[in-house]
Amino acid sequence: IPALRLARVERRYPEGEGFLEILRGVELALMPGEMVALVAPSGAGKSTLLHVAGLLEKPDGGDVVIGGRSTAAMSDAERTRTRREEIGFVYQFHHLLPEFTALENVVMPQMIRGLSRKEAKGRAAELLAFLGLGERLTHRPAKLSGGEQQRVAIARAVANAPRLLLADEPTGNLDPQTSRHVFSTLVSLVRASGLAALVATHNLELAERMDRRLTLRDGLLVELD
Ligand code: ADP
Ligand code: ADP
């Protein structure tokens, strides 16, 4: 079953007397282990699509199906629970908590989910080591490089073993070489975990390394190449 399915998803924003139609019936099936690039010009609706897919915004029509479960009729509480359990987010800026160490930043979401501190620490340390940060566990974000900060943000996003990872320009704030390195780490993680990832990016070189490339055209998702 798809990790994420979008079925005729619509989203519009009020504009003047009428509406700005951003998503007009978007269809998508993203399978476990699949890594898909979303490449489209600024203003095309990439963030809107990620927010709707990530249950941060409700669609105006259609359904977002996470791991086979329809969210259309869910209460706000169920949507929030589904988002916390099933979906990880990575953004252009890391949004790590500055007063906490790398390890603590990754432990936190797991403790919120109810894991014991010991279990959470074990998993966080393992994940950070996988991402090449085994020597950085006790560093605060300000003591880490941009690429390291972003890798901690990736570890935090997948700490609760979500089914789906949504990334909005995850390397947008990094220089080209660091971008490549962070992206390679992300690919290894997706391949090792069987997580499905939808990654909005302007970086065509990185998009080429994903399984499929999609763009938004007139409010619909279209395959590139
Ligand atoms: P992208 O991520 O591709 O740059 P966005 O999804 O951020 O595109 O935005 C798509 C369009 O929707 C833009 O024209 C933007 O101004 C508009 N938009 C986004 N969010 C809102 C909102 N909350 N209210 C009104 N218009 C919005
Ligand atoms: P953009 O790509 O449009 O710049 P941001 O990274 O700034 O997006 O975040 C978009 C919105 O989503 C913000 O209003 C932010 O507060 C909200 N947001 C981000 N992550 C979460 C989350 N895990 N839970 C709830 N809201 C979130």
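Helix 6 spans residues 176-193, and its 18 residues carry the chain 26 Å from first C-alpha to last, close to the 26 Å expected at 1.5 Å a residue. That expected span is 1.5 Å times one less than the number of residues, and helices here are DSSP runs of H or I with at least four residues, strands being runs of E with at least two, both numbered from the N terminus. The model is a predicted one, in which local features need pLDDT of at least 70 and side-chain atom pairs count only at pLDDT 80 or more, while totals for chains, interfaces and linings use all residues. Residues are numbered from 1 along each chain as its sequence is written, chains are lettered from A and ligands numbered from 1 in the order in which they are written, and side-chain values use heavy atoms, with hydrogens and water left out.

At the start of helix 6, a side-chain oxygen of Asp 175 comes to within 3.1 Å of the backbone nitrogen of Gln 177. Beyond the helix follows Gly 194, with a positive phi near 75°.

Turning to ligand 1, its shell (residues with a heavy atom within 4 Å) includes Tyr 13, Leu 20, Ile 22 and Pro 41, together with Ser 42 through to Thr 48. By class, the shell has 5 nonpolar, 5 polar and 1 charged residues, with Gly counted as polar, Ala, Val, Leu, Ile, Met, Phe, Trp, Tyr, Cys and Pro as nonpolar, and Asp, Glu, Lys and Arg as charged.

Oxygen atoms of ligand 1 lie 2.7 Å from a polar backbone atom of Gly 43, 3.3 Å from one of Ala 44 and 2.9 Å from a backbone N or O atom of Gly 45. Taken alone, ligand 1 exposes 560 Å², of which the protein buries 57%, by the Shrake-Rupley method with a 1.4 Å probe.

Conventions: A polar contact is a pair of N or O atoms within 3.5 Å; within protein, one must be able to donate a hydrogen and the other to accept it, and residues adjacent in sequence count only if both atoms are side-chain atoms.
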